[in-house]
Amino acid sequence: MDIEERQVAGLMVKIDRLICVGFETCVEVAPDLFQMDEEGIAIFTSDTNDVDKEIVLEACKECPVDALVVLDALGNQLHP
C-alpha cells in the first residue's frame with residue numbers, strides 16, 4: 001500500500017510511502033503517532049488515540065519532502 005490513512009485527533013492524516021525518504025522528523029516530533037518500518041519508511045504506530053491535534057500538525061509540517069498530508073473534518077487540506 002503506497003498511501004496509509006488514519007483519523008487522528010479529528011484530522012485525516014495520510015502518509016505517502018512513495019515520497020517518504022526516512023528523515024524521521026515526524027517520529028522525532030510525534031513518536032506516539034509515527035514510527036519507521038523495516039524499510040525506513042514512516043508508518044503509523046499501533047495506538048494513535050491520545051495524540052494531540054497540534055502535535056499532528058507540527059509533525060506533518062516538519063516533513064522535508066511533504067510525504068504527510070493533513071485534512072480537516074470537512075476534507076480541506078491543511079498541509080502541505
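F34 belongs to strand β3 (residues 34-36) and F44 to strand β4 (residues 42-44), 10 residues apart. Strands are DSSP runs of E, at least two residues, numbered from the N terminus.

F34 counts as buried because its relative accessibility is 1%, and F44 counts as buried at 5%. Buried means under 20% relative accessible area, exposed over 50%, and partly exposed in between (1.4 Å probe, protein chains only).

## Basis of the model

This is a predicted model, in which local features need pLDDT of at least 70 and side-chain atom pairs count only at pLDDT 80 or more, while totals for chains, interfaces and linings use all residues. Residues are numbered from 1 along each chain, and side-chain values use heavy atoms, without hydrogens and water.

## Salt bridges

There are three salt bridges (a side-chain nitrogen of Lys or Arg within 4 Å of a carboxyl oxygen of Asp or Glu). R17 forms one with D37, with the closest N and O atoms 2.7 Å apart. R17 lies in the loop between β2 and α1 and D37 in the loop between β3 and β4, so the pair ties together parts 20 residues apart in sequence.

R17 also meets E39 in a salt bridge, at 3.9 Å from N to O. E39 is exposed, with a relative accessible area of 58%, whereas R17 counts as buried at 17%. Salt bridges with shared partners join R17, D37 and E39 into one network.

Key. Helix = DSSP H or I, 4+ residues; strand = E, 2+ residues; numbered from the N terminus.
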